[in-house]
Each structure stands twice: as structure tokens, then as C-alpha cells.
Amino acid sequence: MEFFHKAASLSALSPSWITHNIGLAFVSLAVLYAISRAIYQSLLSPLSAIPGPWYAAISDFWITTHVLRLQQCKTNHRLFEEYGPVVRVGPNKVIFKDITSMRSIYSVHKFDKSKFYKSLLTNENDHAMTTLDHAGHAVRRKGYASHYTPTNLALFQPEVCEHTMELITALEHVGGKHSLDCLALFRHHTVDVIISSSHGYRQGALSKCIVGAVDPVATAISDFPKRGIIRSTVPSWVWDLICRIPNNRWRQICDSDKIMGEFVGARVYEMRAQESMGKLGDSEKITLLQRLLQYKYSPNQQMPDHDIISEMMGHMIAGSDTTSNSLSYFFWELSRRQDIMEKLHAELDQAMPDRHVVPDITILQKLPYLNAFIKEVSWQGLRLYGAAPSDLERVVPSSIAKNGATNEPFDLMGYALPPGTIVATQSWSMHRDSTLFPSPDTFLPDRWLQGPDTVTKMSQYLVPFGTGSRMCGGMNLAYLMLRITVAAVVRNFNIVAPPETNERSMEIKDAFVIFPAAMECKLTFHPRNY
Ligand code: HEM
């Protein structure tokens, strides 16, 4: 009998029995861990008092699905409507919609950025936008900031006008015979403007686009954010696998960083060569690239070429699709609003007697209706179509107390947030606050022609270019391009949307930068009868 018992227990300890039970133990432990983590996150974590959906509190999975569905802004906006101005959207992430907290986080305490921005590294290296810490960023910003002052940009106004007239000529050539995809058209236009003002180089992207040819740099610039979003949401081994998919279009997206890096690298090399031959001269009009070549991090440390290349790439990416996608939405909105187009025509016919000569920017800045239009959709506004309306993530630091105390929680509208918490606001929701902007989803330039008190109040909520020390570095160049392009195109054309461009095709999707659901915006530009 005893013999049979021993035999039975030995067979129970067979290798398959052991493997099976170890597996079971691991699974049970993992389930136990997940349950205790979920209980901790939803009931015991310092963030558990903050309103929000329970499933968002226990895992980042839910919000990530909305990021991947390109609907982060709308999802956050719905959460604000349901839960109020502070919402927990992840185990460690809180979003808010409040002007005082916004100032405190972005302008007063200048919190460092979150790791999300590392998905936008260029040339596998930092540039101003991706430098997380405040001190490191200040050094980067000092190098480029003077390029974008209004006085310096005024020197580049002739280039902006010249490229804009090239656009007008191309549209005249088509003569309204068929529609054109504005996303592509304006992207190539802004790429030309940015490259000529920052590198002093004629890329000719628009002329390639007009004849249906591909401009590899413009394509790479537009692919880069797609690359960034995939990179930031999948583990690095998945990214490595994705990059091996044998499909040309995929490879283009994966290689977008390399293509831009090679382009900028070649410009750096050329300019260094010209510099060494003394061919650069000492004109007061110097490009961004020249400025960075002369920039020193400290009296003994020149800005290295590697950093210059990344910085230049960062500006090309930050400035192109943002400006061109906003322009596409502006013109689509105009195509639906003949009343607005007529008011603009009347104003511009007077201000721009020669339809092929753009007046000086100082004159354009003074045109009341053009500016109300731009405010509703662009400049301080870019209210409805601000190109980067998503979360601008920051991290609660270990110390904000003046007495140097560390690990103090940060008070966000009555909620104590421990150091390390990710906090963010999104201009999408600030711009659609119905208490300030009645009928928030209606495009209404006239709201900006109300009394000064109302306009000042509305302006405080408008943050399409971000706010504080990390605010958009190229904002003045963006205005310049927006004002000149809108003035020149509207002065010369009536804009009409074909049936395929409609509410559905133009539904806003967001991948940090907004774009239409159809990934195109076809419009017809009919030359005006004179
Ligand atoms: C309509 C057009 C534009 C919009 C809506 C826009 C929006 C923004 C926003 C919201 C940020 C802040 C990101 C953050 O805090 O995380 C930003 C940063 C930046 N933008 Fe723009 N941008 C536009 C055009 C441009 C242009 C034309 C350029 C230059 C060619 C540019 C260069 C930059 C740079 C360099 C930064 C990083 C600033 C820093 O951290 O020092 N942007 N932009």
C-alpha cells in the first residue's frame, strides 16, 4: 500500500506537473498584483480623490486607445464636461482647465516637461522643444530666440511675399478648373518659407508639388509626427519591428528623421564651407542657421553641429504642418461663409490696390476685419483651429516651496498632487469654454469686434501657442505667414469647397497637431473677376 502512495506522489512531481503549477503560480501572482495595483490606484493613491473614470485611474490603457484613435482632445473635453475642471486621466496623470493653475504651472513655477516630448527627438537628439528641464531649455532658447523677433523677421518679409506670390501664380495657373488639396499645397508653401528664412536656401517644394512631384523634405516633415506618435505609444522592440516592415511608405515614415537630418546636415556643411572662405559677409540679415553656427553655450563652448542639426530640424517640424493645417481650415471655413469672405474682400480691395503686391505687415496688422478673422481662427486665437491644441504635459517637481522643502505636494485647485505627477491643460478646451465663447463651436470673427473688456477676457483664455517659458518659439513667423497668405489668397480668389470637402471629411483629428479626418482638404480657388 505504502509503495503505491510513494509512486503516486512521485508521478505528481513529474516535470509537466511542476511546469504547470509554476505557470499557475505566476499567473495568480500577476493577477493578484494587477488587482492590488488597481485597488491602490483607485482607492489609496494620493490622486484617488480626483474625479475621473475609474478605468482611467487604474491603467493608461484607456487614454492610450484614444490617443491612437487620434481623438485625445475630444475625449479630454468630454471628460471636463462630465467631471469638472480637474480630471484624472491616468494612474499618474491629471488634466485641468483653469487659467490660474495654467499660469502657476507654465509661467510662475515653470514645471519641467514630461517624457512624452522625447518622442519628438530629432536626429536622435534633443532640440529646444524636447529639452525637458527648464535650465537646459533656457540655454537652447537663448540661441534661437532673436531670430523670431518681429524686427528680425521683418527682414525676411520679402522672401515670405515672394513665396506667397509663387503660390498665387500657381493658383492662377489652375484658374479654378479643378480643386487642389490645400494640406499638401500649404505644407509645401510653408516648408519653402521656413527653409528660406531659416537656412537661406531655396527648396522649391511648392513648384514640385504643383507638378505632382514629391519633395522628400516636405514629405519627411509631415511624416515625422506620425513617426513620433507611434514611437511614443509602442515599446521600442515593437518600433524596431515596425521599421523592418518591407513597405516603401512605412520606410518613408520610419526614415523621416534621417531624411531631414541629411538635408540639414548638408546645409550646415555648405555654410561652414562658405564661412571658412569668408563668403558669408556681415549683413544684418542673418539666417537662423548662421545664428546657431555662431552661438556658444558658454564662453568656451560652441554649440556643436549635432545640436545645430537637431535644432534646425525641430523648427522645420514645429512650424510646417502647424501653420499649413491651420491655413487649410481657415480657407475651408471661408468657403462656407460667403458673408465673411465678402467683408474680407471689401477690406483687402482697399488695402491692397495692386492685387499682386502684398502691403507691409504693419498695414496688414491694422486691418480690423482681417484681424478679427485671424483671431477667431489664428493668432492669439487659432481658437477653433489652433494647430496644436493637445495636452502640454508637465511634471510636478520635488520642490516648489520657497523654503526649499522637498516632496511637498502641489496644490491644484484644492487637490494635493505629489511630485512626479503629470499635469496638463489643453487649449482645445480653454478655447471652447461656453461661458466665455457663446456658441463655442461656431466660427464667428465678429465676436472679436466686441468691446475691449470682453475681448481682453476672451484673449486671456486663448493659448494656441502654449504659454509661459516654453511657449511657441516661432509664433511671430506663424503670424507673418498666416496674415500674408490669407490676405494675398483672399484678395485674389473666391474659395469654393467641392462636395467631397464637408463636415465629415474635415472632422478634426489630433496627433499633437490637428488634421482633417480625410487627410486632405480639397478646395477650388476661382480667380476673382475684376
Ligand atoms: C499656427 C502655427 C503654430 C502653432 C499653433 C504652434 C504651436 C506651438 C505650441 C502649442 C508650442 C508649445 C509646445 C509645448 O509647450 O509643449 C510650440 C512650440 C514651438 N514652436 Fe510652434 N506653433 C506654430 C508655428 C510655429 C512656427 C512657424 C515655428 C518656427 C518655424 C514654430 C516653432 C516652435 C518651437 C521652436 C517651439 C518650441 C519652443 C521651446 O520650447 O523653446 N512654431 N508651438
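Author: Buried means under 20% relative accessible area, exposed means over 50%, and partly exposed lies in between. The model is a predicted one.

Reader: Why is Arg 491 called buried?

Author: Arg 491 has a relative accessibility of 6%. The cut-off for buried is under 20%, so Arg 491 counts as buried.

Reader: What makes Arg 491 and Asp 349 a salt bridge?

Author: The closest N and O atoms of Asp 349 and Arg 491 are 3.3 Å apart. A salt bridge needs a side-chain nitrogen of Lys or Arg within 4 Å of a carboxyl oxygen of Asp or Glu, so the pair qualifies.

Reader: Is Asp 349 buried, partly exposed or exposed?

Author: The relative accessible area of Asp 349 is 31%. That value falls between the limits of 20% and 50%, so Asp 349 is partly exposed.

Reader: How do you know that Asp 307 and Arg 140 form a salt bridge?

Author: Their closest N and O atoms are 3.2 Å apart, and the limit is within 4 Å. Asp 307 belongs to helix α17 and Arg 140 to helix α7, so this pair joins parts that are 167 residues apart in sequence. Asp 307, at 12% relative accessibility, counts as buried, and Arg 140, at 8%, counts as buried too.

Reader: What links Lys 93 and Asp 391?

Author: Their side chains meet in a salt bridge, with 2.6 Å from N to O. Lys 93 is in strand β2, while Asp 391 is in the loop between α20 and β6, 298 residues apart. Lys 93 is buried at 9% relative accessibility, and Asp 391 is buried at 5%.

Reader: How many salt bridges are there in the whole structure?

Author: A search finds 24.

Reader: Which residues make the contact, and how do they divide into nonpolar, polar and charged?

Author: Among them are Val 217, Ile 221 and Phe 224 of α12 and Ile 259, Met 260 and Phe 263 of α15. The residues of this contact divide into eight nonpolar, one polar and three charged.

Notes
Residues are numbered from 1 along each chain as its sequence is written. This is a predicted model: local features need pLDDT of at least 70, side-chain atom pairs count only at pLDDT 80 or more; totals for chains, interfaces and linings use all residues. Side-chain values use heavy atoms; hydrogens and water are left out. Contact means heavy atoms within 4.5 Å. Helices (H or I, at least four residues) and strands (E, at least two) are DSSP runs, numbered from the N terminus. Ala, Val, Leu, Ile, Met, Phe, Trp, Tyr, Cys and Pro count as nonpolar, Asp, Glu, Lys and Arg as charged, and the others, Gly among them, as polar. Buried means under 20% relative accessible area, exposed over 50%, partly exposed in between (1.4 Å probe, protein chains only).
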